[in-house]
Amino acid sequence: MTTLAEDLVPNELWALVAPLLPAPPRPPYGGRRRSIPDRNCFAALVFMARTSTPWRLLPAQELGCGSPATAWRRLDEWARAGVFEALHLEVLDRLGVAGRLDWSRASVDSASVRAKRGGTTLAQIRSNAASPGPRSTWSASGKACR
């Protein structure tokens, strides 16, 4: 009999995720180590992604993740460590090796990839410090500019 966490995170998925997770931080002042397994917290995140339920309705007891706050803290920790970006790249690499990516429908724009502007040299920017005219088109007096 499998648990809900094992159903949400099969062994194949966990084999991809586990090496990407950072080592747990040392407990401050010699406190106790984590008692909630990472796999259970990851299962809670998968549950949240699949169901779009509010955090307060997370079935923490059934998932074995302690509480919604514990799952949220792990999500925050893993997001800061770049786990999800690395997982995304790992999945894309595996799909590419298996020939399961269809690049004919791919789209790249400046929201996903930085747009390279201009050449390799920096342009000269003219200073306006010595110019006698106004430096903006906004008027504090409220009159329209013409």
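This report describes the helices, their packing and selected loop residues of one predicted model.

**Ground rules**

Residue numbers start from 1 along each chain as its sequence is written, and side-chain values use heavy atoms, with hydrogens and water left out. In this predicted model, local features need pLDDT of at least 70 and side-chain atom pairs count only at pLDDT 80 or more, while totals for chains, interfaces and linings use all residues.

**Overall make-up**

The protein has six helices and zero strands. Helices (H or I, at least four residues) and strands (E, at least two) are DSSP runs, numbered from the N terminus. Along the sequence the pattern reads α-α-α-α-α-α.

The protein holds 146 residues, of which 20% count as buried. Buried means under 20% relative accessible area, exposed means over 50%, and partly exposed lies in between, with a 1.4 Å probe and protein chains only.

Contact means heavy atoms within 4.5 Å. Take the contacts in the protein with a separation of 6 or more: residues 24 or more positions apart account for 62% of them.

**Helix H3**

H3 covers residues 38-51. Its 14 residues reach 20 Å from the first C-alpha to the last, close to the 20 Å expected at 1.5 Å a residue. The expected span is 1.5 Å times one less than the number of residues.

Ten of the 14 residues of H3 are buried, so this helix is largely enclosed by the rest of the structure. The buried residues are Arg39, Asn40, Cys41, Phe42, Ala43, Ala44, Leu45, Val46, Phe47 and Met48. Their cover includes H1 (4-8), H2, H4, H5 and H6. Just after H3, Ser52 takes a positive phi of about 55°.

Two packed helices are described by the angle between their axes and the distance between the axes. Here, axes are lines fitted to C-alpha atoms, for helices over the stretch in contact, and angles run from 0 to 180 degrees between N-to-C directions. Angles under 35 degrees count as roughly parallel, over 145 as roughly antiparallel, 65 to 115 as roughly perpendicular and the rest as oblique.

The axes of H3 and H5 come within 9 Å and cross at roughly 90°. H3 and H5 are therefore roughly perpendicular to each other. On the H3 side, Asp38, Cys41, Phe42, Ala44 and Leu45 take part; they meet Thr70, Ala71, Arg74, Leu75 and Trp78 of H5. By class, this contact of H3 with H5 has seven nonpolar, one polar and two charged residues. Ala, Val, Leu, Ile, Met, Phe, Trp, Tyr, Cys and Pro count as nonpolar, Asp, Glu, Lys and Arg as charged, and the others, Gly among them, as polar.

H5 also packs with H6 (residues 83-97), at an angle of about 65° and with the axes 5 Å apart. H5 and H6 are therefore roughly perpendicular to each other. Leu75, Trp78 and Ala79 of H5 meet Val83, Phe84 and Glu85 of H6. By class, the contact of H5 with H6 has five nonpolar, no polar and one charged residues.

H6 has 15 residues and spans 21 Å from first C-alpha to last, close to the 21 Å expected at 1.5 Å a residue. Gly99 follows H6 and has a positive phi, near 70°.

**Arg74, a charged residue under cover**

Arg74 lies in H5 (residues 68-80). Arg74 is buried, with a relative accessible area of 4%. Leaving aside neighbours within four places in sequence, Arg74 is in contact with Arg34, Ile36, Pro37, Asp38 and Cys41.

**Loop residues**

| Residue | Loop | Relative accessible area |
|---|---|---|
| Tyr29 | between H2 (11-17) and H3 (38-51) | 86% |
| Ser35 | between H2 and H3 | 52% |
| Ser52 | between H3 and H4 (60-63) | 61% |

Tyr29 has a phi near 60°, a positive value in a residue other than glycine. Ser52 also has a positive phi, near 55°, and is likewise not glycine. Ser35 is 30 residues from Cys65 in sequence, and the two are 9.5 Å apart in space, C-alpha to C-alpha.
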